[in-house]
Amino acid sequence: MNYFAIFGDPVEHSMSPLLHNLAFTKLGLQSCYTRHLLKDGTKLKETFLELHLSGANITLPHKLEAFKACDELDEFAKKVGSVNTIVKRQDRLYGYNTDAPGFLRSIECFDQIKSTLLLGAGGTARSVSVALRDAGYSVKIANRSQNRLESFEKDGFSVSRYESMDKSERFDLVINTTSAGLNDDLLPASEELLKPLVGDAKGCVDIIYGKQTPFLSLAQQLGVEHIDGSEMLLQQAVLAFDHFTDGKYDRAVVEKNMRRGFEL
Ligand code: NDP
């Protein structure tokens, strides 16, 4: 039997066990995936080893600690300094980031997207912005406060605080990467700023999943095509599964079986 887990705090809401177990069961694998509430991120490696895990996913707030815990890192994880997937091979821990590649797969449903605006400058914005730029999209980052924008600016991104945004700028895709709307009824920025940006976009994405956030309600009200973060969640899980099983299984089959988790 191979054991897998997701580490986070909080972690009880995570759909990852359901998605991975559906795929393990359907493929007839002797594997089991559970959740583990981890309060102290510095204990990640020892907990992983104590539990005799073959692999793990890592969610908030431990993606940086996961990055530090790995012996080997793939190029993209190295570039963004954040790990959400760990695989144990022999006695070494290999780290990957499947959040942003998962995000890229999730926006394939939108046509003719070239320019993107990211609302928020946190950890997810970092990996998503790099993946979007690497894939050839233009990327602008806007945030409520200045502090977190500085490292993006250093990396050559166009950045702005909401209040100093050029009101005439428009983007094909507007993406909410903030946690506004997660546990409250807030928009990530003022309605006055967002209405024209969202209204003139070809699409909108909120990476929060499982609820209609005020940001998505605005897109709906303005008749703009929109998706929540469920597809990103699904796609990052498919890519993580691929790492857990060393690419042995057809991704389309894995995806089809994991997708059933959203219907249960
Ligand atoms: P971070 O804590 O690293 O960043 C939070 C960002 O949100 C900051 O830019 C912060 O701005 C901004 N923010 C928070 N509250 C507000 C508010 N009320 N108004 C405006 N801006 C706000 O978080 P992460 O990047 O790690 O995660 C962000 C979201 O992404 C979470 O909701 C998480 O659940 C979701 N997520 C979804 C995934 C999926 O698979 N669908 C995967 C990973 C994350 P400031 O700098 O001004 O404080």
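This is a predicted model: local features need pLDDT of at least 70, side-chain atom pairs count only at pLDDT 80 or more; totals for chains, interfaces and linings use all residues.
Local features here need pLDDT of at least 70 and side-chain atom pairs count only at pLDDT 80 or more, while totals for chains, interfaces and linings use all residues. Residues are numbered from 1 along each chain as its sequence is written, and side-chain values use heavy atoms, with hydrogens and water left out.

Student: Which residue has a side-chain N or O atom 2.8 Å from an oxygen atom of the ligand?
Tutor: A polar contact is a pair of N or O atoms within 3.5 Å. An oxygen atom of the ligand and a side-chain N or O atom form such a pair at 2.8 Å, and the residue is Arg148.

Student: A polar backbone atom of which residue is 2.8 Å from a nitrogen atom of the ligand?
Tutor: The ligand has 24 residues around it, each with a heavy atom within 4 Å. Among the closest are Ala121 and Thr124. The backbone atom 2.8 Å from the ligand nitrogen belongs to Ile207.

Student: How many charged residues are in the shell around the ligand?
Tutor: Asp, Glu, Lys and Arg count as charged. The shell has 11 nonpolar and 10 polar residues. The number of charged residues is three.

Student: Is Val139 buried or exposed?
Tutor: Buried means under 20% relative accessible area and exposed over 50%, with a 1.4 Å probe and protein chains only. Val139 has 11%, so Val139 is buried.

Methods. A polar contact is a pair of N or O atoms within 3.5 Å; within protein, one must be able to donate a hydrogen and the other to accept it, and residues adjacent in sequence count only if both atoms are side-chain atoms.
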